[in-house]
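Subject: Structure handover

Hi,

Here is the structure I promised. My notes on the ligand site and the pockets follow below it.

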Amino acid sequence: MNLPFELPLETDRLVLRLPRADDVDALMEYSADPEVCRYLPYEPRERDEIEKTMERRLGFTEFTPEGHPLFLHVEIKETGEMIGEFLLFSRDVEARQGEIGYVLNPRFQGKGYALEAATALMDIAFKVGNLHRIEAKCSAPNQPSYKLMEKLGMRREAHFKEQALFKGDWDELLIYAILQREWRELHP
Ligand SMILES: CC(C)(COP(=O)(O)OP(=O)(O)OC[C@H]1O[C@@H](n2cnc3c(N)ncnc32)[C@H](O)[C@@H]1OP(=O)(O)O)[C@@H](O)C(=O)NCCC(=O)NCCS
């Protein structure tokens, strides 16, 4: 394993850990939901696709220049329920660029869990992993996603209009980012 920081990460209410083979049922609960997948780059998944996805994730245990995502599955500390996933991509090793992504089971949205998990991941990625800049992207109508980026202190750096076709319609892409020194000011 080649990671820039130790796992699992713990917050007040959550644990962020590497995926496990027995996460398939929890993954199924939200990855098969059309509303969850609305702005994700895939359609709702059947169980066999989710099993294949899990197999791939079990191999993504590094933070490498090749851009493999590091997947972290999020658990509620008190109950052990797996409620979603956070991703950290290495986009450019020399320039220390990263990108985050996130998906939460709708049963656990609206409770501040995404903000809590993303804050922990970004904090360790900047302060221990020494990333210089972290960005995040979403479709412009995905308000819960860009609201999260704004709560994280990220700056809207781009709004690309009709820059691609996405699920049969024009896509509006938002790009947000924050630099390490800006993060340190917010989280000394
Ligand atoms: C994007 C996503 C992860 C955001 O999840 P979320 O639960 O809305 O995000 P947060 O953790 O920031 O929670 C925010 C809400 O929790 C509420 N909340 C409740 N308790 C809270 C607490 N203790 N701390 C902070 N917020 C709290 C906030 O008031 C806020 O409510 P609001 O949206 O009505 O203003 C979620 O919408 C999702 O998984 N979407 C589907 C997949 C997707 O599109 N991913 C992004 C692809 S780019």
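Four elements each supply at least two residues of the shell around the ligand: β5 (97-104), α4 (113-127), β6 (133-139) and α5 (143-151). The largest share, five residues, comes from α5. Bear in mind that this is a predicted model.

Ligand shell. There are 21 residues around the ligand. Tyr 102, Leu 104, Gly 110, Ala 114 and Lys 151 come nearest. By class, the shell holds eleven nonpolar, five polar and five charged residues.

A polar backbone atom of Lys 111 is 3.3 Å from a ligand nitrogen. A polar backbone atom of Tyr 113 is 3.3 Å from a ligand oxygen. Lys 147 uses its side chain: a polar atom there lies 3.0 Å from an oxygen of the ligand. Taken alone, the ligand exposes 960 Å², and the protein buries 69% of that.

Largest pocket. The ligand sits here. The space in this pocket is about 1,400 Å³. Its lining has 48 residues, with Leu 40, Tyr 102, Val 103, Asn 142 and Ser 145 nearest the centre. The lining divides into 25 nonpolar, ten polar and 13 charged residues.

Second largest pocket. Its volume is about 160 Å³. Among the residues lining it are Arg 38, Tyr 39, Phe 166 and Trp 170. Strand β8 (residues 169-179) gives the largest share of this lining, four residues. Four lining residues are nonpolar, one is polar and five are charged.

Best wishes

Conventions: Residues are numbered from 1 along each chain as its sequence is written. This is a predicted model: local features need pLDDT of at least 70, side-chain atom pairs count only at pLDDT 80 or more; totals for chains, interfaces and linings use all residues. Side-chain values use heavy atoms; hydrogens and water are left out. A residue is near a molecule or strand if one of its heavy atoms lies within 4 Å of it. A polar contact is a pair of N or O atoms within 3.5 Å; within protein, one must be able to donate a hydrogen and the other to accept it, and residues adjacent in sequence count only if both atoms are side-chain atoms. Accessible areas come from the Shrake-Rupley method with a 1.4 Å probe; for residues, only the protein chains shown count as cover. On a 1 Å grid over the protein atoms alone, a cavity is a set of points where a 1.4 Å probe fits but cannot get out, and a pocket is an open set with protein on both sides within 12 Å along at least five of seven lines; lining residues have an atom within 4 Å of a point. A molecule sits in a cavity or pocket if more than half of its atoms lie within 2 Å of its grid points. Ala, Val, Leu, Ile, Met, Phe, Trp, Tyr, Cys and Pro count as nonpolar, Asp, Glu, Lys and Arg as charged, and the others, Gly among them, as polar. Grid points are joined across faces, edges and corners, and a volume is the space filled by probe spheres set on the points.
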